[in-house]
Amino acid sequence: QVQLVESGGGLVQAGGSLRLSCAASRRTISSYTMAWFRQAPGKEREFVGSVSWDGKSTYYADFVKGRFTISRDNAKNTGYLQMNSLKPEDTARYYCAARSIPGTTDYYYWGQGTQVTVSS
């Protein structure tokens, strides 16, 4: 069983940056796709982006293209979400996930999330 722990969230002013980390333990995730999701209060969880097992392919939701970058370091068993030009509407709890479930948009492993708050 994989355990994922996010870190790096916090309060930032609009236009600022944050870098979230997702550290995996108990098992290596080097062969799994990793993804980031977010959920704002009163809203459904939404996909932010994903990175392939080797880090060579990334995919982003339209609302973060050009502002967010997903990467990973398999040697450290860790994924990252670099967020630049943050907007108040980016305020949400951010979750990382690993190992996509075939035929679905869901993932086997999830972290507990880290809160990101962007002030205007």
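Which residue takes a positive phi in the hairpin of β9 and β10? G103 does, near 80°, in a hairpin with 6 residues between the strands. The model is predicted: local features need pLDDT of at least 70, side-chain atom pairs count only at pLDDT 80 or more, and totals for chains, interfaces and linings use all residues. Residues are numbered from 1 along each chain as its sequence is written, and side-chain values use heavy atoms, with hydrogens and water left out.

**Overall form**
- The protein has 0 helices and 11 strands, where helices (H or I, at least four residues) and strands (E, at least two) are DSSP runs numbered from the N terminus.
- Along the principal axes, the C-alpha atoms fill a box of roughly 40 × 30 × 25 Å.
- The accessible surface comes to about 6400 Å², 46% of it belonging to carbon and sulfur atoms; areas come from the Shrake-Rupley method with a 1.4 Å probe.

**Sheet and pairing**
- An open sheet of 4 strands runs in the order β1-β3-β8-β7 with antiparallel pairing; two strands pair if DSSP finds at least two bridges between them.
- Its edge strands, β1 (3–7) and β7 (68–73), each pair on one side only.
- β7 and β8 (residues 78–83) are antiparallel over 6 bridges, and D73 has T78 in β8 as its bridge partner.
- β9 and β10 (residues 107–110) are also paired in the antiparallel sense, over 3 bridges; in β10, Y107 is the bridge partner of S100.

- Of the 120 residues, 42% count as buried, meaning under 20% relative accessible area with a 1.4 Å probe and protein chains only.
- Leaving aside residues up to four places away in sequence, L4 touches, among others, C22, C96, Y109 and W110; contact means heavy atoms within 4.5 Å.
- Residues 24 or more positions apart account for 52% of the contacts with a separation of 6 or more.

Methods
Buried means under 20% relative accessible area, exposed over 50%, partly exposed in between (1.4 Å probe, protein chains only).
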